[in-house]
Amino acid sequence: MDNYQKYIRNFSIIAHIDHGKSTLADRLLEMTGCVPEREMKDQYLDNMDIERERGITIKLQTSRLNYTAKNGEKYIFNLIDTPGHVDFTYEVSRSLAACEGAILVVDCTQGVEAQTLANVYLALNENLEIMPVINKIDLASARPQETKDEIEEVIGIEAQDAPMISAKEGINIEDVLEAVIDKIPAPQGDPAAPLKALIFDCYYDNYKGVVIYTRIMDGSVKPGDTIRMMASGKNYEVTEVGYHSPGPIPAKELKAGEVGYICASIKQVADARVGDTITLADNPTAEPLPGYKKLQPMVYCGMYPTGNESYEGVKDALEKLQVNDASLVFEPETSNALGYGFRCGFLGLLHMEIIVERLLREFDLDIITTSPSVIYKVVKTDGTVIFIQNPSNMPPVNEIEHVEEPMVKAEIILPKEYVGPIMELCQRRRGQMEPLEYLTKDRVALHYVMPLAEVIYDFFDALKSKTRGYGSLDYEFLRYEPSKVVKLDIMLNREVVDAFSMIVHESKAYERARFVCEKLKETIPMHQFEIPVQAAIGQKIIARETVKAYRKDVIAKCYGGDISRKKKLLEKQKEGKKRMRQFGVVEVPQEAFTAVLKYDEDKTK
Amino acid sequence: MRKLGIYIHIPYCERKCSYCDFLSFPGTTRESREQYRDAVVNELKWWAKCYGKEKYREEPYTVPEEYEVDTIFVGGGTPSVFESWFLWRLVLTVKDLFNCADALEITAEANPNSLTVDKMSVWGVFGVNRLSFGVQSFDDGVLETLGRLHSAAEAEEKFRTARKYFFKNINVDLMFGIPGQTLDQWKDTLEKAIALDPDHVSFYSLQLEEGTPICGKVKAGALVPVSDETDRAMYRLAVKMLKEAGYHHYEISNAAKPGFESKHNLKYWSMDEYLGVGLGAASYMKAAPYHPFVAKGAERCDCGPDCVSCAGDGTVRDEVARARIARYGVRFSNTTDYEFYLSGEDPVVPDSVHVNNLADYVSDFFFTGLRKIAGVRLDDLESAVGKPLAELKTPDGEPVETVLARHVSDGLLERDGDVVRLTEKGLDLANTVLRDFV
């Protein structure tokens with residue numbers, strides 16, 4: 001029993017998107033009898049619809065697999081899934097910190113790609129043992145040997161005896177399981193030491209409260225213990241421990257080296273922060289685990305119920321989502337144009353999109369979102385400093401001494417043939433270039449100091465499309481820097497509609513103003529009168545369009561057979577009008593709000 | 001005696017015009033047209049059990065009210081494509097089965113190319129006394145855009161013949177706002193039309209209907225639509241020229257020499273009763289027989305818990321359904337399935353039935369009535385529904401008074417005591433007003 005840790009392997013699977021990570025995970029679950037085949041949905045671990053649709057993992061899934069090896073010994077594998085988007089880099093790093101090793105899946109029709117590298121670096125940062133697996137060997141264009149050589153050259157790890165598999169066809173999956181035993185080290189925690197456990201994820205369960213995913217580093221924990229969250233300092237009594245396989249299975253205790261879950265009647269996920277260390281209240285460990293960060297929202301936007309939705313309904317939904325997503329923050333906000341709503345903070349644009357989509361799908365809510373914004377630091381002429389994440393709160397120009405915007409340090413790893421276009425892209429996004437670095441003869445790391453506002457605005461998508469998916473991005477907050485940003489107001493019929501206001505860099509203001517005016521002209525239907533659509537900085541109008549007044553809105557023919565048909569036509573038009581927002585005398589359809597957000601800088605060029 | 005208009009639909013054409021989305025088929029056989037004639041005769045016989053002469057009435061279909069047909073309108077499609085003897089048979093059937101007024105207005109629509117002199121003479125013999133002539137334009141280029149099969153000269157020649165030998169009352173249909181058409185071209189067409197001295201002129205702004213060839217060409221950029229400004233200039237020009245020539249502008253798109261307004265069409269705009277027979281034809285009646293179709297309409301009725309026709313439990317109470325129909329009327333329309341209609345299996349299973357409620361009546365009253373230039377009389381509405389105006393609401397629940405006041409103040413309506421009508425601006429933007437009533 002003493003050497004139980006010898007039979008545990010804790011690992012993640014890392015891969016470039018589409019290289020077969022989720023498919024391999026499915027096969028491992030299937031091979032170890034964890035999920036009966038008939039219950040397998042494609043890609044079991046990605047269990048949110050949005051995840052399966054977008055082919056990305058947002059919420060982590062963890063599973064314990066029981067495997068009887070060829071040597072006859074029984075092993076416990078803990079497979080810890082990782083999310084796959086730059087918005088969630090921190091979560092990835094905490095998941096990896098819960099492991100001793102990582103399976104690196106490489107598609108041998110594609111070879112090593114940028115995201116592969118980015119993930120490898122993350123894993124190496126956590127001192128993980130990397131175990132390469134060559135996937136898709138069943139395809140005609142498979143180049144397994146070249147891929148192995150490439151792994152050795154580019155990443156610098158031994159790859160000649162890497163398992164060669166087809167996750168899709170289920171070929172050689174057993175080799176992977178055997179290699180996990182051989183290559184990935186067993187955990188070496190001290191079961192006798194005070195409890196030291198890492199929170200790497202959590203979710204909210206209606207009956208159990210917060211369910212914490214944890215890796216026990218040292219010590220042990222069992223129901224009845226009083227645990228303490230070292231960062232928040234809060235104590236809780238453990239009600240249940242266990243592991244997922246993949247459904248939750250209660251256990252008597254969790255001990256050093258094991259991965260499992262802890263329930264302790266915790267009311268909200270914000271009290272169980274990813275990266276925090278759990279210890280026992282009456283026998284605490286001396287030092288918490290390294291690497292804890294409190295996640296700060298990077299992007300904010302306003303969310304408002306549309307005509308038919310209630311404020312309370314949106315609030316309820318946000319609260320429910322927040323229970324499960326500690327990185328989502330929101331507070332009440334009022335807009336002259338949109339009424340009562342919320343200002344919400346997100347890790348990034350993808351995170352924001354996901355939340356909006358979940359509100360739509362899971363809660364069936366119809367909401368309007370305003371332009372996303374970062375937090376600006378405003379130094380006023382009287383010396384006070386305020387932080388602004390809602391453009392409407394920007395003080396008048398004469399009260400502003402200067403404005404600073406958040407800058408990030410961005411690292412972009414990409415094949416060298418894409419360096420030109422990406423440098424151009426970064427320059428357009430106001431990036432300040434720092435020395436670039438050749439990782440291999442074909443791979444380059446670009447380093448930029450860039451405004452966060454530019455990074456959140458579809459930069460990742462632009463990067464992906466310009467590098468055909470080969471580019472990867474990582475960024476972290478660096479500092480605030482003085483910046484010539486201005487507040488751009490949009491006026492409909494000469495009245496400012498605060499919901500459309502945005503803060504933009506001076507150099508982009510004209511272009512952006514033109515874009516918004518054009519979009520509004522396209523989406524606002526004709527009225528009985530002309531509507532000027534203007535964009536202004538302060539008092540100065542910098543762009544203008546006109547929504548023309550309609551001159552004709554009449555049914556020419558209406559005889560016996562037309563009456564019901566034409567009435568229906570007008571009823572339909574009327575339904576459309578009901579969904580519009582009224583700003584003064586101007587009716588603005590919902591699409592207008594989405595349309596102005598869809599600003600693709602690189603397409604307008 | 002209650003007055004009844006009968007509409008007979010002839011779903012045939014030589015060719016579909018490029019703007020047409022009506023129910024009509026080119027290239028049918030004589031045999032199938034003959035079957036169609038028989039199916040319409042059958043349908044008329046069925047309706048005669050309800051509304052016909054005493055001797056044709058039959059329990060349980062008959063209604064207490066007595067009816068007299070005072071207008072027959074043969075429309076399409078293109079009735080002039082239909083064999084004139086077949087048409088004769090249909091008109092004779094109506095005259096035989098139903099009480100008919102002495103001053104029976106019988107209109108038939110015709111196209112210049114298919115209306116031969118032979119057909120004119122037959123039509124004249126069996127009593128067509130109003131010809132509706134689809135001229136559309138006196139510009140050959142415009143006619144080509146519209147996909148018409150006749151030339152301007154042909155239309156003019158046919159008109160003269162029809163006028164000289166056969167018809168005292170002729171309507172000319174014209175269209176404007178056609179892609180490529182200029183204001184001058186339209187003026188020329190109006191001048192030529194007026195020179196022919198028709199008794200009635202319909203002038204329609206082209207409506208681009210989804211799925212028609214002309215709409216497709218506009219979307220593809222092959223045709224440039226006229227601007228709303230030009231369209232309205234054309235409309236105003238037509239109104240002005242026709243008025244100057246002595247015509248009375250009496251509906252949004254219609255003008256007539258005094259006394260020559262279409263009696264049949266006015267029914268559509270005055271909540272009067274009409275019975276549509278033939279494929280896809282629509283009806284509005286204020287008395288209906290007990291028949292599965294009433295049940296169908298009542299079941300579909302979604303007027304809420306106060307519904308008088310469905311007793312709130314899905315069952316139909318014939319007497320309440322009848323009572324509601326007597327007050328607010330019922331709208332129904334025939335199947336649009338040609339083969340099914342021809343089979344004559346059940347000539348009167350309508351495709352859709354809607355038993356009006358109070359809000360529907362209010363809605364229809366304004367939706368149709370405001371098309372008349374003279375407008376509507378509010379006391380007509382009050383006496384029809386038996387309630388004072390102050391209690392009447394639109395289907396949205398907005399008081400009618402409020403809606404009227406709003407559009408008086410935005411200049412789209414004018415109210416003169418009991419009369420409400422569209423203003424000149426309102427004629428261009430009628431839908432803005434009508435949307436509030438649907």
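**Exercise 1. Determine how helices α2(B) and α3(B) are oriented to each other, and which residues join them.**

Solution. Helix α2 (residues 84–97) of chain B and helix α3 (residues 117–126) of chain B have axes that come within 10 Å and cross at roughly 10°. The axes are lines fitted to C-alpha atoms, for helices over the stretch in contact, with angles running from 0 to 180 degrees between N-to-C directions; helices (H or I, at least four residues) and strands (E, at least two) are DSSP runs, numbered from the N terminus. Angles under 35 degrees count as roughly parallel, over 145 as roughly antiparallel, 65 to 115 as roughly perpendicular and the rest as oblique, and α2(B) and α3(B) are therefore roughly parallel to each other.

The next step is the contact, meaning heavy atoms within 4.5 Å. From α2(B) come B:Ser84, B:Trp85, B:Leu87, B:Trp88, B:Val91 and B:Lys95, which meet B:Lys119, B:Val122, B:Trp123, B:Val125 and B:Phe126 of α3(B). The residues of this contact comprise 8 nonpolar, 1 polar and 2 charged, where Ala, Val, Leu, Ile, Met, Phe, Trp, Tyr, Cys and Pro count as nonpolar, Asp, Glu, Lys and Arg as charged, and the others, Gly among them, as polar.

The model is predicted: local features need pLDDT of at least 70 and side-chain atom pairs count only at pLDDT 80 or more, while totals for chains, interfaces and linings use all residues. Residues are numbered from 1 along each chain as its sequence is written, chains are lettered from A and ligands numbered from 1 in the order in which they are written, and side-chain values use heavy atoms, with hydrogens and water left out.

**Exercise 2. Classify the ring pair A:Tyr67 and A:Phe77, then the pair B:Tyr7 and B:Phe73.**

Solution. Rings of Phe, Tyr and Trp (its six-membered ring) pair if their centres lie within 6.5 Å, and planes under 30 degrees apart count as stacked, over 60 as edge-to-face and the rest as tilted. By this rule the count over all chains is 42 aromatic pairs. For A:Tyr67 and A:Phe77 the centres are 5.7 Å apart and the planes stand at 35°, so the pair is tilted. A:Tyr67 lies in strand β2 (residues 62–68) of chain A and A:Phe77 in strand β3 (residues 74–80) of chain A, so the pair ties together parts that are 10 residues apart in sequence. Buried means under 20% relative accessible area, exposed over 50% and partly exposed in between (1.4 Å probe, protein chains only); A:Tyr67, at 7%, counts as buried, and A:Phe77, at 0%, is buried.

In chain B, the pair of B:Tyr7 and B:Phe73 is stacked, with 6.1 Å centre to centre and 20° between the planes. B:Tyr7 belongs to strand β1 (residues 2–10) of chain B and B:Phe73 to strand β4 (residues 67–76) of chain B, 66 residues apart. Both B:Tyr7 and B:Phe73 are buried.

**Exercise 3. Find which charged residues sit over the rings of A:Tyr243 and A:Tyr4.**

Solution. The criterion is that NZ of Lys or CZ of Arg is within 6 Å of the ring centre and within 35 degrees of the ring normal. The charged end of A:Arg64 sits over the ring of A:Tyr243 at 3.5 Å from its centre, and A:Lys255 lies over the face of A:Tyr4 at 4.4 Å from the ring centre.

**Exercise 4. Examine the backbone at A:Asn172, A:Ser265 and B:Gly77.**

Solution. Most residues other than glycine have a negative phi, and most peptide bonds are trans. A:Asn172, although not a glycine, has a positive phi of about 60°; A:Asn172 is placed in the loop between α5 (144–155) and α6 (173–183) of chain A and, at 34% relative accessibility, counts as partly exposed. A:Ser265 has a positive phi near 50°, lies in the loop between β14 (259–263) and β15 (277–280) of chain A, and is partly exposed at 40%. Finally, B:Gly76 and B:Gly77 are joined by a cis peptide bond with omega about 25°, and B:Gly77 is in the loop between β4 and α2 of chain B.
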